[in-house]
Amino acid sequence: MNKRETGSRYEDAAVAYVEALGYHILERNYRDRYGEIDIIARDGSYVVFLEVKYRRDEGLGYPEEAVDKRKQQRIRHTASFYLYRSGLGEETPCRFDVVSIMGNKIKVIKNAF
């Protein structure tokens with residue numbers, strides 16, 4: 001399985017997991033000139049931008065550690081553009097979550113950054 005197939009498999013697992021938590025998926029793999037956001041969803045009144053990270057084991061660290069300051073900035077920029085293009089104002093409540101997948105364990109870190 002190549003990286004794209006692996007990523008797609010774990011993004012599918014992340015979508016199923018957050019849907020079971022009550023999130024409503026709005027977009028997957030949203031791209032613009034600033035970057036990409038794996039999943040955009042609604043959780044109550046919040047628009048949630050989710051980054052999915054997978055690690056087979058702790059050998060390379062925890063998945064959420066891969067969402068460094070540079071990646072966070074890119075996601076924020078892309079999220080701002082998404083809100084603008086969707087006609088949602090700056091007053092729209094939003095948050096940034098990370099879906100961390102280690103082996104077969106999935107967890108959502110709300111307000112990760």
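Which residue's side chain meets that of Asp97 in a salt bridge? The legends below begin with the answer. This is a predicted model, in which local features need pLDDT of at least 70 and side-chain atom pairs count only at pLDDT 80 or more, while totals for chains, interfaces and linings use all residues. Residues are numbered from 1 along each chain as its sequence is written, and side-chain values use heavy atoms, leaving out hydrogens and water.

**View 1. Asp43, Arg95, Asp97 and Lys110 are linked in a network of salt bridges.** A salt bridge here is a side-chain nitrogen of Lys or Arg within 4 Å of a carboxyl oxygen of Asp or Glu. The partner of Asp97 is Arg95, at 2.9 Å from N to O. Arg95 also meets Asp43 in a salt bridge, with an N to O distance of 2.7 Å. Helices (H or I, at least four residues) and strands (E, at least two) are DSSP runs, numbered from the N terminus. Asp43 forms a salt bridge with Lys110 as well, and here the closest N and O atoms are 3.8 Å apart. This pair too links distant parts of the chain, 67 residues apart, with Lys110 in the segment after β5 (105-109). Across the whole structure, a search finds eight salt bridges.

**View 2. Asp97 and Arg95 are both buried.** Buried means under 20% relative accessible area, exposed over 50%, and partly exposed in between (1.4 Å probe, protein chains only). Asp43 counts as buried because its relative accessibility is 17%.

**View 3. Lys53 lies in strand β3 (residues 46-55).** Is Lys53 buried or exposed? Lys53 counts as buried, because its relative accessibility is 19%. Its side chain is joined to that of Glu51 by a polar contact of 3.5 Å. Such a contact is a pair of N or O atoms within 3.5 Å; within protein, one must be able to donate a hydrogen and the other to accept it, and residues adjacent in sequence count only if both atoms are side-chain atoms. Leaving aside neighbours within four places in sequence, Lys53 is in contact (heavy atoms within 4.5 Å) with Pro63, Ala66, Val67, Val99, Ser100 and Ile101.

**View 4. The second largest pocket holds about 200 Å³ of space.** On a 1 Å grid over the protein atoms alone, a pocket is an open set of points with protein on both sides within 12 Å along at least five of seven lines, and lining residues have an atom within 4 Å of a point. Among the lining residues are Met1, Tyr10, Tyr54, Asp57 and Leu60. Helix α1 (3-20) gives the most to this lining, with three residues. Strand β3 also supplies at least two residues. The lining divides into four nonpolar, one polar and four charged residues.

View 5. Most residues other than glycine have a negative phi. Where do we find Asn29? Asn29 sits in strand β1 (residues 24-31), and it counts as partly exposed because its relative accessibility is 31%. Asn111 is placed in the segment after β5. At 54% relative accessibility, Asn111 counts as exposed.

Notes:
1 Å grid on protein atoms, 1.4 Å probe; cavity = no way out; pocket = protein on both sides within 12 Å on 5 of 7 lines; lining within 4 Å. Points joined across faces, edges and corners; volume = space filled by probe spheres on them. Nonpolar A, V, L, I, M, F, W, Y, C, P; charged D, E, K, R; others polar.
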